[in-house]
Amino acid sequence: MSLSTTRDPLYLTGGSVCLHADASDRFRLTNQQSATLDDEGFVEQLGHCSSSRHVFKLLLSLQTMSDMMAASALQRIAELERDANVLKDPAVLDHDVLKALCFQFEQDSKRLTDTGLVRALHACTQLLVDPWSTLMIRLVSESQERLDRGAMAIKDLCVLAQALLALEGPDCAMLKPVIEQIQGHKMTEWSLENLTQVYSMLQAGVGVGGRYQNLLNSMNTYTISVASSLSPSSISQILNSLVVLNQTQAIPLVIMLCKHTVKHVSRFSDGELVHVLEALMHFGHSDQYFVDALEKHVPKNTFTMEAEAVTKVLQYCGRRLILSKAIFDAVAESFVYRADSYSTSQIARQIMPFGKLGYLPPNAGELFCKVEGILQTRFSQFQPRTLLNLLHCCTLIERFPVNFVAKVFNPYFLQQLEAWGNGLDKILLSQLTQLFMTVKLECPFYKGPNLLPKYRVKSFLTPGRSLETPVDILLYNRVKAGLIDLLGARAYFASRVLTPYCYTLDVEIKLDEEGYVLPASHHEIIYRRIALCIDGHKRFCANTHHLLGKEVIKQRHLKLLGYDVVQIPFYDFDKLWDRAEIVEYLHKKIFPHSYRLSW
């Protein structure tokens with residue numbers, strides 16, 4: 001077995017070093033076939049080591065160790081020293097203890113257990129050991145021989161696959177027989193641990209680009225049948241794998257796994273919970289029982305959960321439009337005390353759902369006082385897009401960032417915003433425009449710079465992500481039929497009217513000074529304008545009658561611009577099916593102080 005000389009820098013960087021067999025024979029490896037209490041205790045001690053120096057000290061306290069213990073030590077050193085595709089301190093590979101350990105692996109490669117062999121190989125790839133060193137050549141050669149015998153366990157094949165991936169990437173020729181041997185084992189005879197290990201192996205890169213999709217399809221189908229028996233860590237890992245491998249066709253599996261996460265919410269580690277929430281957001285799935293479980297777990301733990309876990313809970317609620325006051329109130333309370341230790345991204349991602357869902361917690365004063373304090377001290381640390389998203393969401397719930405708007409409208413900041421990412425897309429320009437409108441309409445004391453015209457949009461209603469929610473067509477058609485009956489003709493109201501203020505009206509009705517309805521085509525003197533907001537389900541938080549923040553600010557601005565805003569919510573209109581009831585309802589909503597004429 002020889003390795004290709006053409007290498008992709010993604011899998012191995014210039015940080016690799018060559019280990020020579022010149023180290024003293026300091027350690028003796030044993031080829032134990034199963035983990036002993038000593039092995040388990042040693043691995044636990046490794047987990048408590050916070051630096052490579054601590055690992056070396058632990059190794060020096062031993063004279064004999066199993067190959068599993070030695071491989072675990074290499075793996076722990078890699079975890080501590082690896083930073084992306086380089087080592088934090090390449091000199092760690094010149095340490096006498098590490099060189100002696102590698103020397104033993106090189107000399108004893110034939111006597112290693114399958115597990116010890118593949119784990120040592122994988123650890124060496126993570127340490128960026130030179131693939132042409134004697135050590136690596138012997139480990140790879142021995143792995144090839146063991147693979148040819150066809151007796152390796154699934155767990156060892158998965159580790160070997162990840163090592164080969166790190167060495168040569170997904171096109172490594174040796175990967176094919178590894179996968180073939182995994183497929184040679186009947187899936188019904190796999191352990192649940194094996195199932196999780198194969199998912200992890202495919203996620204690591206072996207399954208990228210649609211490779212081995214047939215294997216994945218079989219696994220996705222089989223996993224549904226065993227989902228109830230999976231541990232919390234396995235459920236989290238499999239969901240994470242489905243996200244990374246973009247298994248959009250595996251929605252039935254996602255739904256089944258979500259069903260079983262309910263009983264495990266309190267048992268997930270913070271990292272596992274993050275993976276679960278990321279998967280539910282990725283696949284666009286929500287479950288009321290899962291939300292109920294979160295409502296029991298999160299409020300009791302917001303002060304002790306990792307910041308990213310708390311953030312993901314709020315992100316999930318925001319993405320799925322779930323207004324859980326129990327969760328939002330608890331997070332708002334913990335934010336006041338913990339936010340100083342959060343990253344700027346975590347700060348923004350925790351606050352933005354409040355604006356998106358249009359919700360102010362009981363401690364809103366303290367919460368936004370804390371936000372303002374953070375912005376004053378850490379303004380320059382925020383990425384431009386993150387900052388704009390944060391400030392814009394604050395305006396949705398009438399928390400006006402007047403002290404910072406001048407900096408946002410500054411040409412230098414706008415240049416930074418344009419240079420970051422993919423430039424100024426329509427949503428960013430819409431946010432800037434609405435922010436500008438907000439300070440003009442609601443902050444008359446603002447005396448800072450204006451937003452230059454070239455950064456303003458003419459309409460907030462755009463395809464895809466938008467600052468307005470398109471009208472529900474079915475609901476609109478029912479309201480339109482009722483309006484024709486009420487007003488006598490279609491000519492007396494206009495639909496989907498784009499105002500000079502960027503907002504699109506679902507329906508506009510014009511009145512003269514005496515209160516008579518004018519034709520929609522009339523453009524001369526108009527005494528009153530009535531804006532009908534036909535609010536379907538999508539304009540509200542999920543399963544509530546609570547308007548989203550972007551709909552609240554729209555109605556607020558329209559009132560400030562002189563419109564009489566009349567809300568026609570779905571939960572009222574859905575109760576009306578009789579034609580006379582619909583007309584009567586619309587008359588009371590639109591003309592509450594006048595008698596209705598019969599046509």
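This is a predicted model: local features need pLDDT of at least 70, side-chain atom pairs count only at pLDDT 80 or more; totals for chains, interfaces and linings use all residues.
Is Ser 459 buried or exposed? Its relative accessibility comes out at 14%, and because buried means under 20%, Ser 459 counts as buried.

Who are the neighbours of Ser 459? Setting aside residues within four places in sequence, Ser 459 is in contact with Lys 426, Ser 430, Leu 498, Cys 502 and Thr 504. Pro 500 also comes into the picture: Ser 459 and Pro 500 are 41 residues apart along the chain, yet 8.6 Å is what separates their C-alpha atoms.

Now for the empty space. Rolling a probe the size of a water molecule over the atoms shows where such space is left. Here, the largest pocket holds about 850 Å³. Its lining is made up of 27 residues, and those nearest the centre are Gly 318, Met 352, Lys 356, Cys 393 and Arg 465. Helix 15 (307–319), helix 17 (344–356), helix 19 (384–396) and helix 22 (426–442) are the elements that each give two or more residues to this lining. Which helix gives the largest share? That is helix 17, with six residues.

Technical notes: Residues are numbered from 1 along each chain as its sequence is written. Side-chain values use heavy atoms; hydrogens and water are left out. On a 1 Å grid over the protein atoms alone, a cavity is a set of points where a 1.4 Å probe fits but cannot get out, and a pocket is an open set with protein on both sides within 12 Å along at least five of seven lines; lining residues have an atom within 4 Å of a point. Grid points are joined across faces, edges and corners, and a volume is the space filled by probe spheres set on the points. Helices (H or I, at least four residues) and strands (E, at least two) are DSSP runs, numbered from the N terminus. Buried means under 20% relative accessible area, exposed over 50%, partly exposed in between (1.4 Å probe, protein chains only). Contact means heavy atoms within 4.5 Å.
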